[in-house]
Amino acid sequence: MSDRSAIWQAVHEERRRLVSDLEGLTLEQWQTPSLCPGWSVHDVVAHLIDSAVTTRLGFVRQMVTARFDFDRANDHGVEKHKAIDPYETLNAFRAVTDRTDTPPGPLATRLVEAYVHGEDIRRPLGIHSDYPSEHVMTALEYMVRTGAGFGGGKERVRGIRLTPLPHGRAIGEGPEVCGHAIVLLLAVSGRPTGSDELTGEGAQLLATRA
């Protein structure tokens, strides 16, 4: 299987797992604030639909409409795909789980999108999920070498050494931050993590930057 095929398979599997996790939510749970500031669980699912159906050309059109404001373009996508009934939104997400459309950018961004937004939703709801470590590492390695201007976290980890568990394969140099790969991915993406999830001399520095 090619790297491209493997990544898409992982993305599709993650989308299906998320659909399964959300099938039993109450209406109140759908309104739970996600880890994305200003977005509810329902909003993030609507964003995932938009991400799944956006092509390279479609992305350019969205940016033009949003006057090249990335956040505004994302908000427009949420408005477009968010139904009044969250279960209708979930059904729409279910219908696009196997799509292979993508905005411009390396394919690793699809893994970042799937796993980070998956945790944006699951953590506030108290839902635990296991993620395939190989693909989480691909997402993490992409984020640490990509600048913030392109949606990455390179600046957050400058001068820090990340040691992802269970791999132990260090990334970068400096005071160590040790934690499970999915938790490091969240921190590098600017998400809050539990106080006991990251350890090492650089943990507080990374938390401050996030």
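Trainee: Which helix gives the most residues to the lining of the largest cavity?

Mentor: As a general idea, rolling a probe the size of a water molecule over the atoms shows where empty space is left. Here helix H1 contributes the most to the lining of the largest cavity, with 4 residues. A cavity is a set of points, on a 1 Å grid over the protein atoms alone, where a 1.4 Å probe fits but cannot get out, and lining residues have an atom within 4 Å of a point. Helices (H or I, at least four residues) and strands (E, at least two) are DSSP runs, numbered from the N terminus. This is a predicted model, in which local features need pLDDT of at least 70 and side-chain atom pairs count only at pLDDT 80 or more, whereas totals for chains, interfaces and linings use all residues. Residues are numbered from 1 along each chain as its sequence is written, and side-chain values use heavy atoms, with hydrogens and water left out.

Trainee: How much space lies in the largest cavity, and which residues line it?

Mentor: The largest cavity holds about 90 Å³, a volume being the space filled by probe spheres set on grid points that are joined across faces, edges and corners. The structure has 1 cavity of 30 Å³ or more. Among the lining residues are Val11, Glu14, Leu48, Phe93 and Arg110. H1 (3-22), H3 and H7 each supply at least two residues of this lining.

Trainee: Glu14 is one of the lining residues. With which residue does Glu14 form a salt bridge?

Mentor: In general, side chains of opposite charge can pair when their charged atoms come close. Glu14 forms a salt bridge (a side-chain nitrogen of Lys or Arg within 4 Å of a carboxyl oxygen of Asp or Glu) with Arg122, and the closest N and O atoms are 2.9 Å apart. Glu14 belongs to helix H1 and Arg122 to helix H7, so the pair ties together parts 108 residues apart in sequence. Glu14 and Arg122 are both buried, that is, under 20% relative accessible area, with exposed over 50% and partly exposed in between (1.4 Å probe, protein chains only).

Trainee: How many salt bridges does the structure hold, and where do Arg169 and Glu141 lie?

Mentor: There are 12 salt bridges. The one between Arg169 and Glu141 has its closest N and O atoms 2.8 Å apart. This pair links distant parts of the chain, with Arg169 in the loop between S1 and S2 and Glu141 in helix H8, 28 residues apart. Arg169 is partly exposed at 43% relative accessible area, and Glu141 is partly exposed at 27%. Salt bridges that share partners also join Glu14, Arg17, Asp21 and Arg122 into one network.

Trainee: How is an aromatic pair to be read, and how many does the structure hold?

Mentor: A pair of aromatic rings is described by the distance of the centres and the angle of the planes. The structure holds 2 aromatic pairs. Rings of Phe, Tyr and Trp (its six-membered ring) pair if their centres lie within 6.5 Å; planes under 30 degrees apart count as stacked, over 60 as edge-to-face and the rest as tilted. Trp30 and Tyr87 are edge-to-face, at 6.1 Å centre to centre and 85° between the planes. The pair links distant parts of the chain, Trp30 being in helix H2 (residues 27-30) and Tyr87 in helix H6 (residues 86-95), 57 residues apart.

Trainee: Is Trp30 buried or exposed?

Mentor: Trp30 counts as buried, at 0% relative accessibility, whereas Tyr87 counts as partly exposed, at 29%.

Technical notes
On a 1 Å grid over the protein atoms alone, a cavity is a set of points where a 1.4 Å probe fits but cannot get out, and a pocket is an open set with protein on both sides within 12 Å along at least five of seven lines; lining residues have an atom within 4 Å of a point.
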